[in-house]
Amino acid sequence: MERGAAELLEIQDTCKNVRRQSFEKLCLSVIIATNMDSLDDYDYRLPKELIAQYPTATRGESRLLVVNRESGELSHARIADLPSLLTPDDALVINDTRVVPARLRGTRIATGGKWEGLFVEAAETGHWKILSKTRGKIVSGERVQLMDRWGTSRFTLTFESKLQGGLWIVTPDSKSNFVEALELVGEVPLPPYIRGGKMVAEDLATYQTVYANEPGAVAAPTAGLHFTNELLGAIAEQGTAICNVTLHVGIGTFRPIEVESLNDHEMHSEW
């Protein structure tokens, strides 16, 4: 669905005239005013050549769009400019979740067929919740031999029960905790628009924030990838408070939207 130029200009004027509203309320008011609840309303062309396949050589050099909440004015800056944009009255909240190597590859023991999966989360019982992808039908009790990144067999998964949305409860026969086990067999869970999801060795470091601490995410909180320890130090030195939260990014970031109205889309929560 395409919107007319006059309507877009009206939206821009509305944004510029709003004073002292939170950016969240501004976005919500624009969406409500224009009935942007249809998936088609968000269609736009993004050329593949503009999707970065590798990070910048130095973190902090990425571009930053700045919105003046009082005037609605937009300006362009760099992530490295944040110390000049923040004040001692501000608080910077960072997500210290750590991405686990959640992409799994292996072989179905019963058929010899190739198998792929995505670790979602681990339970205190030792069971894992995973997404499973393979030709043919997996049945309860079936086992998969997991391989490491070099093709060496490591340990097996036994499929216990199937859940909705392609999810399974499985039991790993590894005696290690889920973090250590995934370090053995997992790959960095890159999104498909980055090199088709295929990792390189450098991704183990670059697809992780410098302050990542609590393992559990299956995708990076990508805004945080641009920060360096030096930048965080400069922000703290000027008096801006830096607060930590832990929100593990889940499978919702990989799930396609399969409904026409966004009101009907089930959004998976972080945990």
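A salt bridge here is a side-chain nitrogen of Lys or Arg within 4 Å of a carboxyl oxygen of Asp or Glu. This predicted model holds 5 salt bridges.

- Glu187 pairs with Arg105, and their closest N and O atoms are 3.0 Å apart.
- Glu187 sits in the loop between helix H4 (178–185) and helix H5 (203–206), while Arg105 belongs to strand E5 (residues 103–108), so the bridge ties together parts 82 residues apart in sequence.
- Glu187 is buried, at 12% relative accessible area.
- Arg105 is partly exposed, at 28% relative accessibility.
- A network of salt bridges links Arg105, Glu116 and Glu187.

**Arg108–Glu142**
- Arg108 bridges to Glu142, with 2.6 Å between the closest N and O atoms.
- Arg108 lies in strand E5 and Glu142 in the loop between strand E7 (128–134) and strand E8 (143–147), so this pair ties together parts 34 residues apart in sequence.
- Arg108 and Glu142 are both buried.

**Arg154–Asp148**
- Arg154 forms a salt bridge with Asp148, and the closest N and O atoms are 3.1 Å apart.
- Arg154 is partly exposed, with 43% relative accessible area.
- Asp148 has 7% relative accessibility. The cut-off for buried is under 20%, so Asp148 counts as buried.

Definitions and conventions:
Residues are numbered from 1 along each chain as its sequence is written. This is a predicted model: local features need pLDDT of at least 70, side-chain atom pairs count only at pLDDT 80 or more; totals for chains, interfaces and linings use all residues. Side-chain values use heavy atoms; hydrogens and water are left out. Helices (H or I, at least four residues) and strands (E, at least two) are DSSP runs, numbered from the N terminus. Buried means under 20% relative accessible area, exposed over 50%, partly exposed in between (1.4 Å probe, protein chains only).
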